[in-house]
Amino acid sequence: MRILLRRRVVLLVFLLALSMPIVPGYAAAPDQQVTPEQRARDVLDRMTPEERVGQLFLITFQGRSAEPGTPIYELIT
């Protein structure tokens, strides 16, 4: 009898664990889900004007690093 009860409790805990979100904070209710457009708007709203301008640039360069002393480092800074 105790073994059967223990198995049921273990099964219940296991099923509850499976029903919980893996990453806390990402289990918003369907009516509270945020669209990608709204998330992008939220990010932009938190950016300074300088950060927004920086999002407009795409810079490519030769090499594997942007360490101090390299031309790309000088360009960025």
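Two salt bridges are present in the structure, a salt bridge being a side-chain nitrogen of Lys or Arg within 4 Å of a carboxyl oxygen of Asp or Glu. The structure is a predicted model, in which local features need pLDDT of at least 70, side-chain atom pairs count only at pLDDT 80 or more, and totals for chains, interfaces and linings use all residues. Residues are numbered from 1 along each chain as its sequence is written, and side-chain values use heavy atoms, with hydrogens and water left out.

D45 pairs with R41, and the closest N and O atoms lie 3.8 Å apart. D45 also forms a salt bridge with R52, where the closest N and O atoms are 3.9 Å apart. Side chains of opposite charge can pair when their charged atoms come close. D45 and R41 are about one helical turn apart, because four residues separate them in helix α2 (residues 36–46). D45 is partly exposed, with a relative accessible area of 49%. Here, buried means under 20% relative accessible area, exposed over 50%, and partly exposed in between (1.4 Å probe, protein chains only). R41 counts as partly exposed because its relative accessibility is 41%. R52 is partly exposed as well, at 35% relative accessibility.

The protein contains four helices and zero strands. Helices (H or I, at least four residues) and strands (E, at least two) are DSSP runs, numbered from the N terminus. From the N terminus on, the order of elements is α-α-α-α. The mean pLDDT of the protein is 78, and 65% of the residues score at least 70. pLDDT is the predictor's confidence in each residue, from 0 to 100. Among the elements, α2 has the highest mean pLDDT (93), and helix α1 (residues 2–19) has the lowest (66).

Of the 77 residues of the protein, 3% count as buried. The accessible surface amounts to about 7,900 Å², and carbon and sulfur atoms hold 62% of this area. Accessible areas come from the Shrake-Rupley method with a 1.4 Å probe; for residues, only the protein chains shown count as cover.

V53, L56, F57, I59, L75 and I76 make a nonpolar surface patch of about 680 Å². Patches are made of residues with over 30% relative accessible area and no salt bridge; like charges are joined within 9 Å, and nonpolar side chains (Val, Leu, Ile, Met, Phe, Trp, Tyr) within 5 Å. Two members of this patch, I59 and L75, are described in turn. I59 sits in the loop between α3 (49–54) and α4 (71–76). Its relative accessibility is 43%, so I59 counts as partly exposed. Residues up to four places away in sequence aside, I59 touches I72 and L75. Contact means heavy atoms within 4.5 Å. The C-alpha atoms of I59 and I76 are 9.1 Å apart, with the two residues 17 positions apart along the chain. L75 belongs to helix α4. L75 counts as exposed because its relative accessibility is 59%.

S65 also lies in the loop between α3 and α4. At 31% relative accessibility, S65 is partly exposed. S65 is in contact with T70 and I72, leaving aside neighbours within four places in sequence.
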